[in-house]
Amino acid sequence: MGIRKIRTMGDEILRKIAKPVTEMNLRNKVLVKDMFDTMYKAEGVGLAAPQVGILKRIFVIDCGEHPLVFINPEILETEGEQTGEEGCLSIPGKHAQVTRPMKVTVRALDMNMNEFTLTAEGLEARCILHENDHLNGVLYPDKAEGPLVDNEAEE
Ligand code: ZN
């Protein structure tokens, strides 16, 4: 297992714009595998490459449906609205309410650099939009309604 260190808020790499991936080479394959390992170990549902210190346009998600890799993703369309609790592996122990589209259509490349288009709803849509924001240096507190809340405070 390749567990990488997750960068936390305050680390300036999280505020930078990630660069497109031009080829699927061994380095990128290992990165994606390590990103899944790191996400599952941290019990997250999504992880973007900048969160492990790599400024490449790659994110992985697993919202309980199936693991998915998005390379050079583009948001094609959004629809509707949902407000819900959101957290981030780069902001441990906190959450806040964030309003995002209910539905998203995204085009990206898979592990073989083949293009695919996917439409997701609900939690999966939230997840995709959150991770896509990481590639542009955006963190959920930028969009949150109200302050960040400690996870334990409500339990
Ligand atoms: Zn995040």
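Colleague: Which residues touch the most other members in the largest nonpolar core?

Modeller: This is a predicted model, in which local features need pLDDT of at least 70 and side-chain atom pairs count only at pLDDT 80 or more, whereas totals for chains, interfaces and linings use all residues. Residues are numbered from 1 along each chain as its sequence is written, and side-chain values use heavy atoms, with hydrogens and water left out. A nonpolar core is a set of buried Ala, Val, Leu, Ile, Met, Phe, Trp, Tyr and Cys residues joined through side-chain atoms within 4.5 Å, where buried means under 20% relative accessible area, exposed over 50% and partly exposed in between (1.4 Å probe, protein chains only). Of the 18 residues in the largest such core, those that touch the most other members are Phe59, Ile61, Phe70, Val104, Leu118 and Ile128.

Colleague: Which element gives the most to this core?

Modeller: Two or more residues come from each of strand E2 (58–61), strand E3 (68–79), strand E6 (103–109), strand E7 (115–121) and H2, helices (H or I, at least four residues) and strands (E, at least two) being DSSP runs numbered from the N terminus. With four residues, the element that gives the most is H2.

Colleague: How many residues make up the second, separate core?

Modeller: In soluble globular proteins, nonpolar side chains tend to be buried together. Here a second, separate core includes Met24, Val32, Phe36 and Leu109, and its number of residues is 16.

Colleague: Which atoms are the protein donors of the zinc ion?

Modeller: Donors are N, O and S atoms within 2.8 Å of the metal (3.2 Å for Na, K and Ca), and since water is not among the atoms, sites may look incomplete. Along the chain the donors follow the spacing C-x41-H-x3-H, and both histidines, His130 and His134, lie in helix H2 (residues 122–134), four residues apart, about one turn of the helix. His130 counts as buried because its relative accessibility is 6%, and His134 likewise counts as buried because its value is 1%. Lying 2.0 to 2.2 Å from the zinc ion, the protein donors are Cys88 (SG), His130 (NE2) and His134 (NE2).

Colleague: How far from Glu124 is the nearest side chain of opposite charge?

Modeller: Glu124 is placed in helix H2 and, leaving aside neighbours within four places in sequence, is in contact (heavy atoms within 4.5 Å) with Ile61, Cys63, Glu65, His66 and Leu68. Lys and Arg count as positive and Asp and Glu as negative, with His and the chain ends not counted, and a salt bridge is a side-chain nitrogen of Lys or Arg within 4 Å of a carboxyl oxygen of Asp or Glu. Glu124 is buried yet has no salt bridge, and the nearest side chain of opposite charge, that of Lys103, lies at 12 Å.

Colleague: How far apart are the end C-alpha atoms of helix H1?

Modeller: The expected span of a helix is 1.5 Å times one less than its number of residues. The 16 residues of H1 (residues 26–41) should therefore span 22 Å, and in agreement with this the end C-alpha atoms are apart by 22 Å.
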